[in-house]
Amino acid sequence: MKNWPLWEVFVRSKNGLEHRHCGSLHAADEDMALENARDVYTRRSEGVSIWVVKSSNITASNPDNNGELFEPAHDKVYRHPTFYELPDEVKHM
Amino acid sequence: MSEEQIRSLERQFDERIARDEKIEPKDWMPEKYRKTHIRQMSQHAHSEIVGMLPEGNWISRAPSLRRKVALLAKVQDEAGHGLYLYSATETLGISREEMYEQLHTGKAKYSSIFNYPTISWADMGAVGWLVDGAAIINQVPLCNTSYGPYARAMIRVCKEESFHQRQGFEIMMKLANGSPEQKDMAQDALNRWWWPSLMMLGPTDAESIHTEQSMKWKLKRKSNDDLRQQFIDQTVPQAELIGLTIPDPDLKWNEERQSYDFGEINWDEFWQVVKGHGPMNKHRMKARVGAWEEGAWVRDAAMAHAEKKQERKQKEAV
C-alpha cells in the first residue's frame with residue numbers, strides 16, 4: 001500500500017490579503033487535498049481561496065546558511081531612507 | 001561534531017529560547033528536544049483522535065437537533081485538532097504512519113481521561129465543561145511554546161476550544177434546572193467526571209519526571225499542581241451557580257490562600273488507567289485500530305484512482 005502524499009495549505013482569509021501558509025495535510029491527489037483543506041482549515045469562514053502544493057515540490061533555504069544568504073543586506077544601509085541627511089527645514093520626505 | 005561543539009550549539013539554542021525566539025523545523029535542535037516534542041505533540045494529537053470516540057457515541061442519540069449539530073461540530077473540531085497536531089509533529093521528521101503505529105501498538109499514550117465510559121447524555125455536558133475546561137487550562141500556555149509549528153497549531157486549537165466548553169456547560173445547566181431525574185443525571189455525571197478531570201492535569205509535581213526540562217523549553221509554563229488549583233478555583237463557583245455539588249467532602253475555601261483546599265486524589269486509579277487497566281482502554285483501542293484497518297481499502301482505492309488520473313493526464317499531454 002502507498003501512503004498519501006503530504007500537501008502544504010495556503011489560505012487567503014479575504015480579498016485584498018495574500019495567501020498565507022496555515023498547515024499541511026495528507027491526500028491522495030490535488031482535488032482531495034483541496035477538499036480536505038476546506039474541512040481542516042476553514043471550518044469557520046477563515047478563507048475565500050485555498051492553494052494546495054505538494055510538499056515535495058517546495059524548495060526551502062537552509063537556516064544553517066542564513067549567514068551567507070541574508071548577511072549581504074546588513075552592510076547596505078544606503079537602501080534605507082535614514083542613511084540620507086536632509087536639512088531640518090524639509091519636514092516631510 | 002565534537003562533544004564540545006554540540007555543547008556550544010546547545011548553549012546557543014537555550015539562549016535563543018530564553019530570548020523568546022521560536023525554533024522552526026529546519027533549525028538545529030538537540031536530539032532530546034526533538035524527541036521530547038515528538039512524544040508530547042503526538043500524544044496530544046492521539047488524545048484529540050481518541051477523544052472523538054466517547055462523544056461520537058452520543059451523536060446519534062442527542063436529544064435535539066440543536067444539541068446534535070453542536071456535538072457533531074465539536075467532534076469534527078477534535079478531528080481537525082488531531083490533524084493540525086499530527087502535521088506539526090511531522091515537521092520533526094516522524095511520519096504519520098509511524099505515529100499511528102505507535103498509537104495502535106500502545107507504544108504511544110493518549111490522555112487517560114478518554115478511557116472512562118460516557119454512559120448518559122449528561123456525560124456530554126460533563127465532558128465539555130470539565131474535560132475541555134481542563135484541556136484549555138493545559139493548552140493556553142502552549143500557544144507561547146518555543147517550537148513554532150506547535151505554538152501555531154495551539155493558537156488555532158485554543159480559538160476553537162472555547163465553544164466546546166460552553167456547549168458542555170449549557171447542557172449541564174439545562175439538566176440541572178430540569179426535572180429531578182435530569183438534575184440527578186447531571187449530578188451523577190459530575191460525580192463520575194470530577195476526579196478523572198483533576199487527574200487529567202497530570203501527576204503531582206513531586207512525581208512529574210518531565211517538568212523541569214519542559215519548563216526550560218516552554219513546553220510547560222506552570223506546574224501540574226498549579227494548573228490543577230487554577231482549574232478547581234475556576235470550576236467550583238460554576239458548579240455552585242447551577243446548583244450541583246462537587247463530590248469532595250474536603251473541598252473548602254481557604255481564605256488565607258484565596259483558593260480552594262481539596263481532598264486526596266486517588267493516584268492509584270490514575271496509574272492503573274495509564275497502564276491500560278481503565279474501564280475503556282481496550283474498547284477505545286479496538287475502535288481506533290478497527291477504523292484504521294477497515295478504512296485501508298478506501299485509502300488504497302483513493303491512491304489508485306489518483307495514479308490513474310495522473311497517467312491519463314500525462315497521456316493527454318503527449
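This is a predicted model: local features need pLDDT of at least 70, side-chain atom pairs count only at pLDDT 80 or more; totals for chains, interfaces and linings use all residues.
**Notebook: chains A and B**

**Entry 1, the interface.** I began where the two chains meet: across the interface of chain A and chain B, 13 residue pairs are in polar contact, both residues at pLDDT 80 or more. For polar contact I used a pair of N or O atoms within 3.5 Å; within protein, one must be able to donate a hydrogen and the other to accept it, and residues adjacent in sequence count only if both atoms are side-chain atoms. I then asked which elements of chain A supply at least two residues each of the side that touches chain B, and noted β2 (19–26) and α1 (30–41). The largest share of that side, six residues, comes from α1(A). Helices (H or I, at least four residues) and strands (E, at least two) are DSSP runs, numbered from the N terminus. By class, I found eleven nonpolar, four polar and eight charged residues on the side of chain A that touches chain B. In this scheme Ala, Val, Leu, Ile, Met, Phe, Trp, Tyr, Cys and Pro count as nonpolar, Asp, Glu, Lys and Arg as charged, and the others, Gly among them, as polar.

Residues are numbered from 1 along each chain as its sequence is written, chains are lettered from A and ligands numbered from 1 in the order in which they are written, and side-chain values use heavy atoms, with hydrogens and water left out.

**Entry 2, how much the chains share.** I looked up the contacts (heavy atoms within 4.5 Å) and found 23 residues of chain A against 24 residues of chain B. About 2,100 Å² is buried between chain A and chain B, 48% of it on carbon and sulfur atoms. Buried area here is the accessible area (1.4 Å probe) that two parts lose on being put together, summed over both.

How many salt bridges lie between chain A and chain B? I have seven in my notes. A salt bridge is a side-chain nitrogen of Lys or Arg within 4 Å of a carboxyl oxygen of Asp or Glu. One of them pairs B:K313 with A:E30, at 2.9 Å from N to O.

I stopped next at A:D29, in the loop between β2 and α1 of chain A. Is A:D29 buried or exposed? The value is 7% relative accessible area, and A:D29 is buried. Buried means under 20% relative accessible area, exposed over 50%, and partly exposed in between (1.4 Å probe, protein chains only). Within chain A, a polar atom of the A:D29 side chain lies 2.9 Å from the backbone nitrogen of A:M32. Towards chain B, the side chain of A:D29 makes a polar contact with that of B:K309, at 2.9 Å. Not counting residues up to four places away in sequence, A:D29 touches A:W7, B:H305, B:A306 and B:K309.

I counted two helices and three strands in chain A, and the order along the sequence is β-β-α-β-α. Its radius of gyration is 21 Å, well over the 12 Å that the globule rule gives for 93 residues, so chain A is more spread out than a compact globule. The radius is taken over C-alpha atoms, and the rule is 2.2 Å times the number of residues to the power 0.38. The C-alpha trace of chain A spans about 70 × 35 × 15 Å along its principal axes. Buried residues make up 23% of the 93 residues.

In chain B, B:E3 and B:R7 meet at 3.9 Å, N to O. They sit four residues apart in helix α1 (residues 3–18) of chain B, about one helical turn. B:E3 is exposed at 62% relative accessibility, whereas B:R7 is partly exposed at 46%.

I also checked B:E170 and B:R67, whose closest N and O atoms are 2.7 Å apart. This pair links distant parts of the chain, 103 residues apart: B:E170 is in helix α6 (residues 148–176) and B:R67 in helix α3 (residues 65–90). B:E170 is partly exposed at 24%, and B:R67 is buried at 12%.
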